[in-house]
Amino acid sequence: MEHTESHPFDGKAFVRHLTTSPGVYRYFDAEDELLYVGKAANLKKRVSNYFLKPPMDPRIASMVSQIARAEVTLTRTAGEALLLESQLIKSLKPRYNIVLRDDKSYPYIYLSSTDEYPRLGFHRGAKTASGRYFGPYPSTFAVRESLGLMQKLFKVRQCEDSYFRNRSRPCLQHQIGRCSAPCVRLIDVPDYRNDVRHAEMFLEGRSSAVIDELAVAMETASQSLHFERAATLRDQVAALRRLQAQHFVQGASADMDVIACSMEGGMACVSVLFFRNGVSLGSRDFFPRLGTDASIPDVLAQFIAQYYLERQVPRELVLSDDVEDIEVLAGVLSEHAGHTVSLKPSVRGERARFLEMAQRNAGAALTSRLASRHTLLARFDDLQKVLELTEMPRRLECFDISHTMGEATVASCVVFGPEGPEKSHYRRFNIAGITPGDDYAAMHQALTRRFKKVVEGGVRPDILLIDGGTGQVGQAVDVLRELGVEGIRVVGVAKGPGRRAGEETLVLADSGRTLHPGTSSPALHLVAAVRDEAHRFAISGHRRRREAARERSTLEDVAGVGARRRAALLKAFGGLAGVEAAGVEELMSVKGIDRGLAERIYAMLHP
């Protein structure tokens, strides 16, 4: 259903034609930019609150005054409306909604499924490989700790496949009792698979079921006079029971997350304590962008919907405050998770102790963030004064170039605002078609590619920082002139005498003046932080590109070695280093490699 009347928008007329069905409503401004997304069990009743019941909160009134168009999407249930609302907020990030800003990649424990002897391992990034992913975990430390526990309890291999395939004798992990050495067949496939199954059950939180199975197996082994096997199972059961007892003493006997929210000074912090299989995995703090009339229950509800509908959900969520439509939210999460999920805003005993801990964490993190924000705002305010701007800049972009003797040149662009780094807007540019080592040409190419987007209607910075002096600044000025982009202040950041930090010179493109703010200048502290981040981002991109180019090089340049033979070589020798270490006779052992081709490969790798 769509309303297409021009501004001013007649909200009362729009409400008159609405249905009482559940659904999602969306408000747009005169530029057709999405202002707000909301859900409702009864659309007519909910939307009427915006237009038929003044007065309202000033922030809501500001939003309503900008509405030029409204749309609704009907859903069958309130749960479907909640799902759709969460998806739209996450993807479109409307200006007046509470938006979870969480661009970090979470670590998982990965269990392979296609290997004869499956492996457990650390995983971060896209989940493309076949197998199971347990998590997400709040930190790398939590994953490493859990993997260490798995090694002690179940002795499932954690080595990479390339390492596993090329073993001729057991490694150190077997010698210290943390792996059953499947690489050299010291354990049968059925027995190993059983260990994997127990590890999987443990990660699912079914440690009691694992203990029961192991106890039965121990009894059977004892009756069969396999006393060594029975003793091993006895030790394993004892270790698991000690672990359970320890967790019981800690009070975290459930699979649960404890979630608390604190609000102050127009900011909010959501702190989450994670418990899996009775183990505390640590905590993580989130700082969502607040919406129009945000309250703590609103923030909690939006956080839970946006965070957990993309992740595995524990059986229990303990909340610092009650939230609206808690039954609907619990039902949607239960359907998503495939098991019952309980949302508990009121708890006692040990759970209350954990909730108090989460509330203290949220308050402390918010206090720290507010102090940091005030410092950052002071730096932006000082930069406005130093550069003699009429208003505080809202977006800084900084460019830097990185290469090694002209090889694998990469340009970086980082973005900062009054809230800090905006990492989702960072960009890298792989530079090609220039004379190796020509930094001016590299900067010119990167800036041209970036500001063509501005010409096409993309977001533009208030200040463009260039890591370099007058030469690099001149490249920026030329690019902006060529593209017809105006109104952007270009500032070069040149190193000071002796390249000492705090003595940088600011080169102003518009006037040609140079400024020396000095080591105590908050503005220079900001500029230096942005410049250093651009430098770090450029170097990391350059190193990855250089390593990829070097790994690619030799084999792909050998005539007769296509993708299939290259993959066979890398698989047989565990990577390019193994291929380089192989002799002609060893290379010939790979299917499809005859003597002539082996000699060409060897010659290419040993110039």
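**Close-ups of a predicted model**

**View 1. Helix H11 is mostly covered, with ten of its 13 residues buried.** Buried here is under 20% relative accessible area, exposed is over 50% and partly exposed lies in between (1.4 Å probe, protein chains only). Among the buried residues of H11 are Val299, Leu300, Phe303, Ile304 and Tyr308. Helices (H or I, at least four residues) and strands (E, at least two) are DSSP runs numbered from the N terminus.

This is a predicted model: local features need pLDDT of at least 70, side-chain atom pairs count only at pLDDT 80 or more, and totals for chains, interfaces and linings use all residues. Residues are numbered from 1 along each chain as its sequence is written, and side-chain values use heavy atoms, leaving out hydrogens and water.

**View 2. Three strands make an open antiparallel sheet, ordered S6-S5-S7.** S6 (120–124) and S7 (131–134) are the edge strands, each with a single partner, so one side of each has no neighbour in the sheet. Pairing takes at least two DSSP bridges between strands; S5 (residues 107–112) and S7 have four, in the antiparallel sense. Isoleucine 109 stands opposite phenylalanine 134 in S7.

**View 3. Serine 180 sits in the loop between helices H7 (172–175) and H8 (189–203).** At 12% relative accessibility, serine 180 counts as buried. Leaving aside neighbours within four places in sequence, serine 180 is in contact (heavy atoms within 4.5 Å) with Lys155, His174, Leu186, Ile187 and Tyr192.
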